[in-house]
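Reader: I am new to reading protein models. Could you take me through some features, giving the idea before the case?

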Amino acid sequence: MGDAASIASGRIEEFRDVDRETFATRIATRYQPAVMRGIVGDWPAVRRARESMESVAGYLDALASDKTVDVLLASPQVCGRIFYNDAMTGFNFTRHRSLISEVNAKLVRYAAFENRPMVAVQSALIAECLPGFEVENALAILDPSIQPRIWLGNKVITPAHFDESNNVACVVSGRRRFTLFPPEQVANLYIGPLDYAPTGTPISLVSFKEPDFARFPRFADALAAAQVAELAPGDALYIPALWWHHVESLDKYNILVNYWWRGAALAPSKTDSALDALVHAIVNLRHLPPEQREAWAAIFAYYVFGADHDPAAHIPAHKRGVLGKLSPEFVQQVKAFLVKQLERKN
């Protein structure tokens, strides 16, 4: 039937000439992905990438610090797919620390071969490894406090996963194909272990290159809801938090710069991982009898997910506790209390 991207018919909505106001009012306010064509086309890095692989590699080398970055290496047999080993007792790659210049040398050398090993720098903080890049290549639509990260490698496939933060992903060099799914498609993506994944969050076990519909039949329903976009240098993609996304870098040398934030794009906030709460809820609620799980679902719906009421409106303001306004100091007190509770119950 072909790979997943060719089967999926949905396309991500596209915008051109996006400025700060357009992003804040027309894109970031919707809970939908958006392609922003040409938004970083004037970056010096993108101009160098359009010249040649060697030109943009030289540009990075000139900015690189002496800080090493995390690098994934895998044999040609994995075809660039970041995944588990066959027994799911480990992963199909090894981790190393290297300088950006060393990574670039590998990528340029490997580009001469058709059957090449996978090389992937994943989410390296630019301020540490490429100081000055963020000044010369600034994304004006976001708050300056949002720190960019670089993804550098050859042909790499990152399985479908979600991020808890909003994301703007800017393609600098090479082409990238994104296949996105709304959060409710979780049931159709066959997600692997929540607490053991090759990426920062759980991944889909489905191979998008060769989907096994006999083993993963509901994946066909996920594809019916999928949205696909292919980005060229200078383009960017807005991915709302918790949207599943499968990412393929398609060329011999690829650079992506991304920005993660929580809260508003022009006033980002810092919050902890909600995945921790999910794992804790599974440990404590999943084993309960069905009627009790249903009761807890109603309680969670009322206190956590309800948007049309204030569950503490009838309680005096000074006694609302976690249902009231949460100061940073009070949040720390609650966390300390929860730690003590967990230690007491073990």
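This is a predicted model: local features need pLDDT of at least 70, side-chain atom pairs count only at pLDDT 80 or more; totals for chains, interfaces and linings use all residues.

Author: Residues are numbered from 1 along each chain as its sequence is written, and side-chain values use heavy atoms, with hydrogens and water left out.

Reader: Which strands does E11 pair with, and in what sense?

Author: Helices (H or I, at least four residues) and strands (E, at least two) are DSSP runs, numbered from the N terminus. Two strands pair if DSSP finds at least two bridges between them. Strand E1 (residues 10-11) is parallel to E11, with two bridges, and Gly10 stands opposite Gln227. E10 runs antiparallel to E11 and is joined to it by five bridges; Phe178 has Ala229 as its bridge partner there.

Reader: How many of the five residues of E11 are buried?

Author: Buried means under 20% relative accessible area, exposed over 50%, and partly exposed in between (1.4 Å probe, protein chains only). In E11 (residues 227-231), four of the five residues are buried. Glu230 has 35% relative accessibility, so Glu230 counts as partly exposed.

Reader: Which residues form salt bridges with Arg177?

Author: A salt bridge is a side-chain nitrogen of Lys or Arg within 4 Å of a carboxyl oxygen of Asp or Glu. Glu230 forms one with Arg177, with the closest N and O atoms 3.5 Å apart. That pair links strand E11 to strand E10, 53 residues apart. Glu248 also meets Arg177, at 3.4 Å from N to O. Here the link is between strand E13 (residues 244-249) and strand E10, 71 residues apart. Both Glu248 and Arg177 are buried. A network of salt bridges includes Arg175, Lys209 and Asp251 along with Arg177, Glu230 and Glu248.

Reader: How many salt bridges are there in the whole structure?

Author: A search finds ten. One of them joins Asp235 and Arg37 at 2.7 Å, N to O.

Reader: What is the nearest side chain of opposite charge to Arg116?

Author: For charge, Lys and Arg count as positive and Asp and Glu as negative; His and the chain ends are not counted. The nearest to Arg116 is Glu114, 4.5 Å away, and Arg116 is buried without a salt bridge. Contact means heavy atoms within 4.5 Å. Leaving aside neighbours within four places in sequence, Arg116 is in contact with residues including Pro76, Tyr110 and Lys252.
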